[in-house]
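Okay, thanks for making time, everyone. Let me put the model up, and then I'll walk you through a few spots.

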Amino acid sequence: MKTLSRLGVGAAALVVAIAGATIPASALTVAQNKAAQTRLNNLGCTSGPVDGKVGAMTQAATTRFQSASKLTQNGSLAGTTYSRLMATSAKRCDVRAVPAGTGGGRRIVLSQSQNWLWLIDAQGKVVRQGGVIDNPAYLDPGTYTSGSKCGRAGRIKRNTDGGSLYLNNFVRFASCGIGFHQIPTYKSNGAQIHADWLLGTNSRASHGCIRVSKSMSDTIWSFTTGATKVVVIR
């Protein structure tokens, strides 16, 4: 590996391996940022426009890549993240293997460390997978079953938070009020409280439930017409 000359005091320790060279993390060029955005998009990480500007959408895409690659999730392209991203062995964001140790049969698997879930049929085939927003402080790892909890309905097509929001396609699986639902929408105009491209990141935190896209919430609603096993892992 080619190494550039050492930097001045205070900057020497901050380096990042890029395309076979070691350069300061702070010295990423517009061209390198564009290369990263292109690579993120090609890997299904949804970085948005390739403009060389590392804004919120690129940071979210980077976080998804980091979660898929088991790297620290900070949304920064610096350090190991860039070298892993540009490697031929880089992990895709949108297609991930079901984590080991989650049992068999028909189930939903939720990985809190990856901000990701999988819907798996009785034959072990992944029906669908995608990113989530959750809050691990409210939900312990373990095996749950969808359905009524604490005397409350297991499925509510248009649930409400009791205030200004709808929690559409709410499917309860843990006591007492934890379930899957679409990203909350405002009752006033139907808009979501945040964009789909934040799913699969730790950039937002729910109030205990598992937020998914509208499309994913529709799929979960159809998948859980009967009691369904939900396996939660860190």
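So, Gly147: this one is partly exposed, with a relative accessible area of 22%. For the cut-offs, buried is under 20% relative accessible area, exposed is over 50%, and partly exposed is in between, using a 1.4 Å probe and protein chains only. Gly147 sits in the loop between β7 and β8. When I say helix or strand, I mean DSSP runs, H or I of at least four residues for helices and E of at least two for strands, numbered from the N terminus.

What does Gly147 contact, if you leave aside its neighbours within four places in sequence? Gly154 and Arg172, where contact means heavy atoms within 4.5 Å. The C-alpha atoms of Gly147 and Arg172 are separated by 5.7 Å, though the two are 25 residues apart along the chain.

Quick housekeeping. What you're looking at is a predicted model, with local features needing pLDDT of at least 70 and side-chain atom pairs counting only at pLDDT 80 or more, while totals for chains, interfaces and linings use all residues. Numbering runs from 1 along each chain as its sequence is written, and side-chain values use heavy atoms, with hydrogens and water left out.

Staying in that loop between β7 and β8 (155–160), we also find Cys150. Its phi is near 55°, a positive value in a residue other than glycine. Cys150 is partly exposed too, at 45% relative accessible area. Lys70 is another non-glycine residue with positive phi, near 60°. You'll find Lys70 in the loop between α2 (56–68) and α3 (80–86), and with 75% relative accessibility it counts as exposed.

One more backbone item: the peptide bond from Ser175 to Cys176 is cis, with omega near -15°. Cys176 belongs to the loop between β9 (165–174) and β10 (178–182).

Now the rings. There are two aromatic pairs in the structure. The criterion is that rings of Phe, Tyr and Trp (its six-membered ring) pair if their centres lie within 6.5 Å; under 30 degrees between planes is stacked, over 60 is edge-to-face, and the rest are tilted. Tyr144 and Phe173 have ring centres 5.9 Å apart and planes at 80°, so that pair is edge-to-face. It links distant parts of the chain, with Tyr144 in strand β7 and Phe173 in strand β9, 29 residues apart. Phe173 also pairs with Phe180, and that pair is stacked, at 4.6 Å centre to centre and 25° between the planes. Together, the ring pairs link Tyr144, Phe173 and Phe180 into a cluster.

A nonpolar core here is a set of buried Ala, Val, Leu, Ile, Met, Phe, Trp, Tyr and Cys residues joined through side-chain atoms within 4.5 Å. The largest one has 20 residues, and Leu117, Leu139, Phe173, Phe180, Ile210 and Ile220 touch the most other members. Elements giving two or more residues to this core are β4, β5, β9, β10, β12 (210–212), α4 and β13 (229–233). The largest share, four residues, comes from α4. Apart from that core lies another, of 13 residues, among them Leu43, Tyr82, Leu85 and Ala90.

Last stop, the sheet. Five strands form an open sheet with mixed pairing, in the order β6-β5-β4-β13-β7; two strands pair if DSSP finds at least two bridges between them. β6 (126–131) and β7 (142–145) are at the edges with a single partner strand each, so one side of each has no neighbour in the sheet. On average, neighbouring strands are turned by 15° against each other, direction ignored. Strands β4 (residues 107–111) and β5 (residues 116–120) run antiparallel and are joined by five bridges, with Ile108 standing opposite Leu119 in β5.

Helix α4 (residues 214–223) packs on this sheet, touching β4, β5 and β6, and its direction makes about 40° with that of β5. Those axes are lines fitted to C-alpha atoms, for helices over the stretch in contact, and angles run from 0 to 180 degrees between N-to-C directions. Within α4, Met216, Ser217, Ile220, Trp221 and Phe223 are buried. They cover an arc of only 165° around the axis, which puts them on the same side of α4; the arc is that of the directions from the helix axis to the C-beta atoms.
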